[in-house]
Amino acid sequence: MEPVLRARGLRRHYGADAALVRAVDDVHLDVARGEAVGIVGPSGCGKSTLLHLLGGLDRPDGGEVLLGGRRLDTLSETAAARLRRGLVGFVFQAFHLMDELTARENVELPALLAGVPPRTARRRALGLLERVGLGDRAGHLPGELSGGQRQRVAVARALVNDPPLLLADEPTGNLDTAAATGVLRLFAELRAEGRTLVVVTHDPRIAGAADRVIAMRDGAFVDQTVLTGRV
Amino acid sequence: MQDVLLALLSKEPAHGYDLRARLTAALGPVGDTMNAGQVYVSLRRLEKAGLVEAHVVGQSDRPDRKVYDLTPAGRERVATWLTDASWERTAPAEFHLKLVAAAASGLADPVALVDAQRRELTRRLAEAQRAALTEPDGSRAALLLEGAVLRLGADLAWLDACETHWTRENS
């Protein structure tokens, strides 16, 4: 079956000569539908850059990215944004919620942008907030929520257009141990529901929510641990 | 195991079945490897050592059973055990020496050994983390599993340091 996400010879370099940084260096990756992949490495290993390339938020210097079978890296900015909106949900370390919108409004926003009728968007948003355990916080502003709750709102927002792929960049990086456990539990549940996940993180506990864990160093994949028979 | 049983008996006398049930509840999935006989073997040893005494209690509808209680010597040992700060775990010196020996002999690539070890620990961590996530929030068994997960995380971080070191020595 066609992988949801495919990267071939992906490269992203910064600087030149002695100051050359190979942030991403010849990365190959296939992610099958329903597969959960953890990419683990120390900060500065290039994992965030990689995630941005995979989601079309940044352009590679070489190689290609295919999302749902379509080249992402050669599209215009607008066309890439359109493809992304339909196919990818993003979760970031710093949540990136709109402070002046309530939890529900934050979650429904991407659906409204995608042209979903307001009532449908609202129904979906409320259902997803319920799903992430925040049904009773729908009317709260992000400032009134804890870090863990904000990240769960961000996960609900990432899911509102029901994307075939969820990309998460260090989703537990800003959270204390207990809140991180809640978010990891949510990812494990999403995996069990058959969501396709790619999570880059320095937190090895992602292994509990992954079908395989890839170790990344200096821009390259150095090793892989297969954890389930799903791969 | 012996010390834990003594500590469990310090509150009140109990029979073997009770003690085993309390251990199972505290350990959760970690206790799955404990076999039923271990508790009874340990209790017999403690009795022989004079740390517990057993009284046979008759039951009308079932066979008699033994209720165990601490002796003064047993009580003393519990107090010593609770304040003892020794920690069974040390740095994995054996693995470290394995890498040193592999590099010296040329029989194996230390970096490849580190990779293999990382896969093994990642699998163990995944297993412990999955078990922790299926425990109810705030349960004692989840707390124990969290400890296992955090220690494996620390070991994985140390393996990263090993990899950096041996990659440098190789080049």
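Among contacts in chain B between residues at least 6 apart in sequence, those joining residues at least 24 apart make up 57%; two residues are in contact if their C-beta atoms, placed from the backbone, lie within 7 Å. The model is predicted, so local features need pLDDT of at least 70 and side-chain atom pairs count only at pLDDT 80 or more, while totals for chains, interfaces and linings use all residues. Residues are numbered from 1 along each chain as its sequence is written, and chains are lettered from A and ligands numbered from 1 in the order in which they are written.

Chain B holds 7 helices and 3 strands, in the sequence order α-β-α-α-β-β-α-α-α-α. Helices (H or I, at least four residues) and strands (E, at least two) are DSSP runs, numbered from the N terminus.

| Property | Value |
|---|---|
| Radius of gyration, chain B | 22 Å |
| Span of the C-alpha trace along principal axes, chain B | about 75 × 35 × 25 Å |
| Buried share of the 171 residues, chain B | 22% |

A compact globule of 171 residues would have a radius of gyration near 16 Å. This radius is taken over C-alpha atoms, and the globule rule is 2.2 Å times the number of residues to the power 0.38. A residue is buried if 20 or more other C-beta atoms lie within 10 Å of its own, exposed if 12 or fewer, and partly exposed in between, with C-beta atoms placed from the backbone.

A nonpolar core is a set of buried Ala, Val, Leu, Ile, Met, Phe, Trp, Tyr and Cys residues joined through C-beta atoms within 7 Å. The largest has 84 residues, and A:L54, A:A156, A:L167, A:F187 and A:V198 touch the most other members. Helix α6 (residues 110-134) of chain B gives the most to this core, 9 residues. A separate second core of 11 residues includes B:L6, B:V39, B:L43 and B:V52.
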